[in-house]
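Subject: Model handover

Hi,

Here is the structure for your files. My notes come after it.

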Amino acid sequence: MAAIDIPVVGGHPAGAGDPHANYLEARHGLASWALTVDHKRIGLMYLTAVSTAFLAGGIFALLVRLELFSRGRTIVDAETYNRFFTLHGAIMVFLFIIPSVPAALGNFFLPIMLGAKDVAFPRLNLLSFYLWLIGASIVLSSIVLGTVDTGWTFYTPYSVQTANSVISMTLGVFVLGFSSILTGLNFLVTVHTLRAPGVTWTRMPLFVWGMYATALIQVLATPVLAITLLLLCAERFFGIGIFDPKLGGDPVLFQHFFWFYSHPAVYIMIVPGMAIESELIATFSRRAIFGSFAIAMSSIALAILGFLVWGHHMFVAGMSEFATMLFSALTFLVAIPSGVKVFNWTATMYKGSIVWASPMLYAMAFIFLFTIGGLTGLFLGTLSVDVHLTDTYFVVAHFHYVMMGGTVIAFLGGLLYWWPKMTGKMHDEFKAKVGFVFVFIGFNLTFMSQFIMGSRGMPRRYYDYLPQFEPFHRASTIGSWILAVGLFTTAYTLLEALWRGKRAPRNPWGSAGYEWMTDTPPCVANFHETPIITRGPYDYHLATPEELNTGWDELEAESKKG
Amino acid sequence: MNEQNAPATYQLPPQMSTVAAEVDWLYYFIYWLSVVLFVAIVGAMIYWAIKYRERPGHKAEPTGHNLPLELAWTIAPIFILVFLFHKGFQGYLDMTIAPPNAIEIRVNAKQWSWEFVYPNGGSSDKLHVPVHKPVKLVMASADVLHSFFVPALRIKRDVVPGMYTTVWFEATQTGKDDIACAEYCGGRSEGPGGELPYEPTNDPDNPYVSGQMTGHWAMHSRVYVELQEDFDKFVKSIGDKCDAYRSEGKICPGEVAAAEGQKLSVSKGCVACHTTTGMRLVGPSWKDIWGKEESTDKGDVLVDENYIRESILAPQAKIVTGFQAVMPTFSGQISDPEIDELIAYIKSLK
């Protein structure tokens with residue numbers, strides 16, 4: 001395939017400067033960033049944006065936990081508390097997790113891993129970033145101006161009746177949805193048309209496979225959310241009577257619509273985490289992923305099954321027994337591809353050569369935490385047990401183990417792993433590992449206590465609670481502080497690398513992946529000449545010593561000379 | 001909690017209903033299954049991470065293929081999953097389908113309180129039920145979504161405005177437990193004079209009352225499982241209050257009066273087409289219709305609260321075999337309490 005020779009529209013090569021120059025230094029000035037069509041720069045801008053959102057969502061999480069430290073009023077009143085947990089959920093889901101891996105790391109690495117110069121539609125890529133900014137601004141303005149207290153699920157009829165800025169919030173989410181659709185579309189076309197010679201479907205890196213599965217869901221499911229939110233706005237403006245029972249509507253219909261998107265969205269969130277996990281496990285075990293075809297196919301299976309299980313959020317919501325049975329059965333099917341992935345990752349380490357680098361610690365933590373998140377899903381898929389556990393802290397703990405223990409942990413591991421390639425600077429491994437220890441301990445303390453109080457009967461979204469739950473809430477809140485220390489340490493480690501970090505060589509981790517074959521940081525055109533790929537991205541036994549050479553020795557020799 | 005309750009395990013509350021033992025057995029089955037799988041996966045991971053750690057002279061072996069192993073761990077879980085699905089669904093049906101002899105208690109949920117109405121028309125804000133008797137709750141919401149949750153009974157069911165949801169249980173011992181709302185339903189903390197004071201208490205019956213700040217969490221009540229004679233005494237005492245009201249010619253608060261339904265059936269014109277004698281007019285007679293399997297163009301339906309409600313608000317949804325689709329909708333012309341009264345009246349015609 002000669003896809004690499006397709007002229008790239010926009011900045012490159014005319015406006016992006018020398019295609020062989022370091023992408024960070026090729027052009028300077030604010031406009032060179034604001035109007036860039038370079039997927040790497042857009043990826044970095046996305047990274048900055050979603051990290052800011054993560055910080056905001058995290059602050060609300062800490063405030064929620066702080067309020068729950070003691071019974072009664074601790075720091076804020078009930079209405080403010082309801083806004084805090086709504087904002088925590090909405091920001092984390094719509095502004096952070098959904099765009100985090102695809103839009104930031106995916107944008108940066110998907111074209112490089114395919115040997116392409118850019119994504120298929122670079123200008124659309126920039127548009128999707130600005131749509132994100134607009135959507136995020138609308139969401140944030142509804143924080144400043146309004147009082148959204150519906151929870152991130154906007155369940156009717158409460159969301160139709162409560163006097164607040166639900167409309168601006170949902171419109172913001174509506175715009176964010178377009179950003180998500182455009183990124184997904186871009187990735188699908190890029191994967192189909194811009195693979196370098198030799199990058200066959202079977203040689204495509206598992207990270208790209210994960211991005212591909214995610215993009216499929218984004219394109220197919222997000223429009224349903226858009227329609228649902230528009231209907232919600234129409235209901236509030238015109239009182240049509242779709243969801244509001246007072247007007248003859250059906251509030252349960254909203255839940256169907258909402259979860260028809262939001263359950264596939266769970267896979268928009270977790271499949272990219274799994275995609276990073278596969279890269280980390282392969283690189284730091286120095287061998288190909290065991291059953292990599294099964295890993296790729298299980299991502300696709302999750303993408304498809306994800307569309308068929310939305311009803312498992314509604315087992316006690318007033319659905320028919322038949323629907324309940326069907327959704328329970330389908331839900332159990334999800335366990336199979338998830339299990340296959342975990343087994344394959346673990347089996348990859350067998351007879352590998354395990355490097356205990358900071359990204360690998362996160363990769364192992366992912367297996368630890370995601371296994372807990374996945375197994376606790378069995379409790380919730382089992383109907384009679386779910387009746388007791390649903391809408392309690394057990395569910396809160398379960399999805400945090402999957403979303404944060406899975407996606408966020410993989411995101412942090414991926415950031416540490418690719419940071420040298422993206423910035424050209426090496427972070428301090430010791431500080432990164434210290435940060436990891438705090439994150440791991442803090443996370444487990446925060447959410448393990450939530451499992452126990454949940455199974456004991458503590459409902460979620462409570463401002464105050466009965467005395468028997470206080471010890472668990474205290475443990476959870478203390479855990480959130482330890483977690484915060486870990487996250488700030490990690491953020492500091494990454495930022496410190498920018499001004500104090502050693503120069504990073506081409507392939508600091510000694511990986512066989514395609515993205516490490518190019519410069520650090522990559523040149524504007526990603527590769528100086530079109531790469532011709534003759535082996536898989538994890539074929540350590542086929543890679544030449546030159547390809548696996550980290551480049552540390554050359555850097556050292558250079559610095560001695562200089 | 002009462003001492004008579006089966007002791008709480010570390011993870012689960014006391015067992016006070018007939019379904020609790022089965023639910024807990026399944027919970028702990030999944031729990032130990034998870035522990036075994038978790039230890040196997042994470043144990044292997046840590047063991048290999050140490051055993052095969054990178055060191056001079058050690059090299060990774062190229063990854064091979066092992067199709068039997070891959071097939072095994074794809075197929076083996078299916079058996080476990082089918083078993084879990086089967087047990088879970090069986091338990092779910094047990095807690096969904098109420099026995100016909102169940103005592104029926106109405107539950108009215110609103111922001112932010114529960115009200116329980118007993119067969120004799122009396123009502124209370126705490127739920128009293130007899131031990132060893134099946135109890136069926138027919139639940140309605142006046143405003144937004146709520147969810148009726150009693151941890152020790154292992155039951156939970158959303159209360160949805162615009163429809164009736166039901167849940168049933170049979171308590172296995174006397175005692176008390178908390179009733180909680182499990183579906184987020186908002187909150188209020190600003191009063192006319194600014195911020196409202198709030199302080200929780202240690203009184204298990206009223207843990208949140210000492211302030212006026214209220215909301216989802218404060219929608220708390222208690223269930224009292226009593227011996228039959230205590231229950232009868234309680235129901236009679238609230239019934240007596242009702243009798244006092246009735247003797248003054250008023251309706252007992254909370255009572256859904258069949259007599260009011262009868263008046264409505266005249267004032268809304270129902271009787272023009274529906275008799276109460278069994279005679280057939282334009283529409284089916286209401287006599288003995290309650291609880292019947294009615295044959296319609298959409299298949300057989302059970303005549304219950306939801307069916308009657310639908311027939312009033314959306315009469316074209318299901319047409320009884322042998323009748324014309326001529327009834328107009330009463331949507332917007334009849335309130336929820338009025339529908340309840342009509343239902344009570346139709347029930348009384350049995």
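Below are the conventions, then the findings.

This is a predicted model, in which local features need pLDDT of at least 70, side-chain atom pairs count only at pLDDT 80 or more, and totals for chains, interfaces and linings use all residues. Residues are numbered from 1 along each chain as its sequence is written, while chains are lettered from A and ligands numbered from 1 in the order in which they are written.

The interface

In chain B, 80 residues are in contact with 82 residues of chain A. Contact means that the C-beta atoms of two residues, placed from the backbone, lie within 7 Å. On the side of chain B that touches chain A, the elements giving two or more residues are α1 (20-51), α2 (67-96), β6 (146-150), β7 (155-159), β9 and β10 (187-188) of chain B. Helices (H or I, at least four residues) and strands (E, at least two) are DSSP runs, numbered from the N terminus. The largest share, 15 residues, comes from α2(B). By class, this side of chain B has 46 nonpolar, 18 polar and 16 charged residues. Nonpolar covers Ala, Val, Leu, Ile, Met, Phe, Trp, Tyr, Cys and Pro; charged covers Asp, Glu, Lys and Arg; the others, Gly among them, count as polar.

Strands of chain B

One open sheet has 5 strands in the order β3-β2-β1-β5-β8 (chain B), with mixed pairing. Its edge strands are β3 (123-124) and β8 (165-170) of chain B, each pairing on one side only. Pairing requires at least two bridges found by DSSP between two strands. Strands β1 (residues 103-110) and β2 (residues 113-117) of chain B run antiparallel, joined by 5 bridges. There, N108(B) stands opposite E115(B) in β2(B).

Now β14 (residues 221-226) of chain B. Strand β4 (residues 127-130) of chain B runs parallel to β14(B), with 4 bridges. V129(B) has V225(B) as its bridge partner in β14(B). Strand β9 (residues 175-181) of chain B runs antiparallel to β14(B), with 5 bridges. Here D177(B) has V223(B) as its bridge partner. The covered face of β14(B) holds S221(B), V223(B) and V225(B). R222(B), Y224(B) and E226(B) form the uncovered one. In a regular strand the side chains alternate between the two faces of the sheet.

One residue in chain A

S128(A) lies in helix α5 (residues 122-145) of chain A. S128(A) counts as buried because it has 24 C-beta neighbours inside 10 Å. The cut-offs are 20 or more other C-beta atoms within 10 Å for buried, 12 or fewer for exposed, and partly exposed in between, with C-beta atoms placed from the backbone. Leaving aside neighbours within four places in sequence, S128(A) is in contact with S179(A), L182(A) and T183(A). The C-alpha atoms of S128(A) and R456(A) are separated by 44 Å.

Best wishes
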